[in-house]
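Please keep the sequence and the structure in view while reading.

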Amino acid sequence: MMRTPPRPVGSRIVAALLVAVAAAALSGCGWRGLNSVQLPGTAGVGPGSFTIQAQLPDVRTLEPNSRVQVGDVTVGSVSKIERQGWHALLTMRIDGDVDLPANATATVGQSGLLGSLHVELAPPVDVAPRGRLTDGSLIPLSSAETYPSTEQILAAITMLLNGGGIGQVQEITESLSTALAGREDDLRSLIHQLDIFTSRVNDQSGDIIATTESLNNLAGQFADQKPVLDNALDTIPDALRVLAAERQNLVDALDQLGQFSALVADTANQTEESLLAELKDIGPVLQSLGDAGPALTRALGLFATYPFPADTVGNWARGDYANLTAVIDLTLSRLDASFLTGTRWEGDLTELELQWGRTIGQLPSPYTVGNPLVAPYHWDQGR
């Protein structure tokens with residue numbers, strides 16, 4: 001019985017690849033090389049795996065089926081790369097046991113100078129983690145970065161070695177040595193002063209921060225008053241134009257004010273002596289008025305309660321009864337002074353009383369010397 005010799009392993013792998021290519025072609029998918037086909041053994045295809053997307057500014061030469069790593073551990077693979085506007089949109093399959101926050105970052109990195117590219121997922125550094133990456137999550141462009149490429153590193157090294165001044169290091173060192181020779185104490189003193197200055201600035205850090213916050217508050221207040229400031233800036237030019245148009249009138253007004261001030265000064269100089277004399281003459285009057293101040297105060301209190309003074313009204317009215325002491329003067333001279341003064345019959349009653357001989361030499365009487373309004377009352381009046 002003849003046996004068919006076994007096929008080489010390489011031919012079996014090729015056959016498997018041909019079958020995969022044929023399946024992709026029959027399924028209607030566009031053929032873009034072997035990387036467009038999900039290769040066996042890649043991460044992110046096991047049970048519980050999920051799909052996420054990430055926006056990246058530049059993917060360089062990253063290809064589908066590239067690795068997705070978390071902390072140098074492969075946890076998935078890139079399944080699709082698309083252009084979205086001016087950036088790239090990556091679709092990645094991630095193992096189900098990967099636990100990352102929803103605001104994780106995505107970075108295109110390289111395992112070495114000549115290594116392959118991969119996508120590095122990591123928790124955020126500047127902000128607190130929140131949420132969790134799940135199926136359908138999107139890492140936005142603001143959380144995406146790109147490590148320097150090999151070409152950029154080599155270009156930077158070339159710039160440093162060729163045009164970066166490496167050859168001038170010796171000349172710079174010699175120039176510094178020449179400049180500092182003999183000035184070691186000055187340099188030491190400068191460093192000491194810089195240390196003191198730095199420490200004092202550090203001591204004033206609280207005041208500096210407070211000043212910065214005050215300036216920030218002031219800027220906020222200006223921002224809140226922006227409509228008012230805009231209105232003022234729009235109004236000021238019109239006001240300046242009005243002032244410019246009225247410039248001559250303002251100058252004339254100031255000129256007239258100066259002439260008026262000169263006339264006032266001249267008038268004051270001419271009437272200085274008369275004014276001083278009048279002020280000296282009015283001095284005794286004001287002095288007398290000041291001396292009569294207590295009496296005027298008491299008189300004002302009497303006006304409101306006439307004929308009973310406010311100071312003694314409590315002695316008159318006590319609860320439901322009132323005290324009253326009255327002195328009634330019905331002498332002819334008192335009646336004459338009270339009711340007939342200034343009339344055509346003034347003095348008639350007093351003259352009659354004088355004929356009776358009852359008030360000779362006593363006040364009040366319009367026919368005797370003195371003021372009857374301030375004359376004291378006598379209990380024996382008319383006797």
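Buried residues account for 17% of the 383 residues in the protein chain, which is shown here as a predicted model. The accessible surface of the protein chain amounts to about 28,800 Å², and 61% of that surface belongs to carbon and sulfur atoms. In secondary structure, the protein chain has 12 helices and 10 strands. Among the contacts between residues at least 6 apart in sequence, 58% join residues that are at least 24 apart.

**The sheet**

Eight strands form an open sheet with mixed pairing, in the order β7-β1-β4-β3-β2-β6-β5-β8. Its edges are β7 (138–139) and β8 (144–146), each of which pairs on one side only. Strands of a sheet pair through backbone hydrogen bonds, either parallel or antiparallel.

With strand β3 (residues 73–84), strand β2 (residues 67–70) runs antiparallel, and four bridges join the two; here Arg67 stands opposite Ser77 in β3. With strand β6 (residues 117–122), β2 pairs in the parallel sense over two bridges, and the bridge partner of Gln69 in β6 is Glu120.

Most residues other than glycine have a negative phi, and most peptide bonds are trans. Against that background, Asn65 has a positive phi of about 70° although it is not a glycine, and Asp72, also a residue other than glycine, has a positive phi near 65°. The hairpin of β2 and β3 has two residues between the strands, and Gly71 in this hairpin takes a positive phi near 60°. Asn65 is found in the loop between β1 and β2, whereas Asp72 is placed in the loop between β2 and β3.

Is Asn65 buried or exposed? With a relative accessible area of 16%, Asn65 falls under the 20% limit and is therefore buried. Asp72, in contrast, has a relative accessible area of 67%, which is over 50%, so Asp72 counts as exposed.

**A buried aspartate and its polar contacts**

Asp329 lies in the loop between β10 (321–322) and α11 (332–340). Because its relative accessible area of 18% is under 20%, Asp329 is classed as buried. The side chain of Asp329 makes polar contacts with the side chains listed below.

| Side-chain pair | Polar contact distance |
|---|---|
| Asp329 and Thr331 | 2.8 Å |
| Asp329 and Arg334 | 2.9 Å |

**A nonpolar surface patch**

On the surface, Leu275, Leu276, Leu279, Ile282, Val285, Leu286, Leu289 and Leu296 form a nonpolar patch, with about 750 Å² of accessible area together. Which helix gives the most to the nonpolar patch? Helix α8 (residues 272–291) does, with seven residues. One of the patch residues, Leu289, lies in helix α8, and its relative accessible area of 52% is over 50%, so Leu289 is exposed.

Technical notes
Residues numbered from 1 in each chain as written. Predicted model: local features only at pLDDT ≥ 70, side-chain atom pairs only at ≥ 80, totals over all residues. Heavy atoms only, no water. Pairing = 2+ DSSP bridges. Patch = residues over 30% accessible without salt bridge, like charges linked within 9 Å, V, L, I, M, F, W, Y side chains within 5 Å. Areas by Shrake-Rupley, 256 points an atom, 1.4 Å probe, with all protein chains shown as cover. Salt bridge = Lys/Arg side-chain N within 4 Å of Asp/Glu carboxyl O. Buried < 20%, exposed > 50% of the residue type's maximum accessible area, 1.4 Å probe, protein only. Polar contact = N/O pair within 3.5 Å; in protein donor to acceptor, adjacent residues only side chain to side chain. Contact = heavy atoms within 4.5 Å.
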